[in-house]
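Q: I am new to this structure and would like to learn how to read a few of its features. Could you take me through them step by step?

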Amino acid sequence: MNDAPATLGVAGLLDFETAAPALQAIRSALAASQSTRLDLAGVSRCDSAGLACVVAAVAEAARHGRKLQVIHMPADMQALASVCEVDQLIG
């Protein structure tokens with residue numbers, strides 16, 4: 001039996017141009033799996049839209065009774081989350 005949590009990875013740019021399609025892809029992946037972690041180690045750059053995408057993904061999971069743990073959040077996203085006071089929502 002494998003007790004390791006299922007992980008959904010995000011990679012590349014997570015910004016104004018890519019956030020909406022990324023959120024749609026994350027929603028689809030979450031609906032098709034039992035992922036409990038969102039791994040952002042592959043995110044090379046993000047902005048406020050990228051942060052909003054992550055917050056929306058966590059909220060979406062919560063609406064479906066699931067907790068989505070965000071791991072390996074890039075430092076720039078952590079700083080932005082802190083400034084925007086949403087770090088506790090995703091941390």
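Predicted model: local features only at pLDDT ≥ 70, side-chain atom pairs only at ≥ 80, totals over all residues.

Q: How do the axes of helix α2 and helix α3 cross?

A: Two helices can be compared through the angle between their axes, and those of α2 (residues 48–63) and α3 (residues 75–83) come within 10 Å and cross at roughly 80°. Angles of 65 to 115 degrees count as roughly perpendicular, so α2 is roughly perpendicular to α3.

Q: Which residues in α2 and α3 meet?

A: From α2 there are Ser-48, Gly-50, Leu-51 and Val-54, and these meet Met-77, Leu-80 and Ala-81 of α3. Sorted by class, this contact has five nonpolar residues, two polar ones and no charged ones.

Q: How many disulfides does the count come to?

A: A disulfide calls for two cysteine sulfur atoms within 2.5 Å, and the count here is zero. For Cys-53, the nearest cysteine sulfur belongs to Cys-46 and is 10 Å away, while Cys-84 likewise has the sulfur of Cys-46 as its nearest, 10 Å away.

Q: Is Cys-53 buried or exposed?

A: Burial is judged by relative accessible area, with under 20% counting as buried; Cys-53, at 2%, is therefore buried. Cys-84, at 41%, counts as partly exposed.

Q: Where is Ser-35 found?

A: Ser-35 lies in the loop between α1 (19–32) and β2 (37–46), and with a relative accessible area of 6% Ser-35 is buried. Its side chain makes a polar contact with the side chain of Ser-33, at 2.9 Å. Beyond its neighbours within four places in sequence, Ser-35 is in contact with residues including Ala-6, Leu-30 and Arg-66.

Terms used: Residues numbered from 1 in each chain as written. Heavy atoms only, no water. Axes fitted to C-alpha atoms, helices over the stretch in contact; angles between N-to-C directions. Helix = DSSP H or I, 4+ residues; strand = E, 2+ residues; numbered from the N terminus. Parallel < 35°, antiparallel > 145°, perpendicular 65-115°, else oblique. Contact = heavy atoms within 4.5 Å. Nonpolar A, V, L, I, M, F, W, Y, C, P; charged D, E, K, R; others polar. Buried < 20%, exposed > 50% of the residue type's maximum accessible area, 1.4 Å probe, protein only. Polar contact = N/O pair within 3.5 Å; in protein donor to acceptor, adjacent residues only side chain to side chain.
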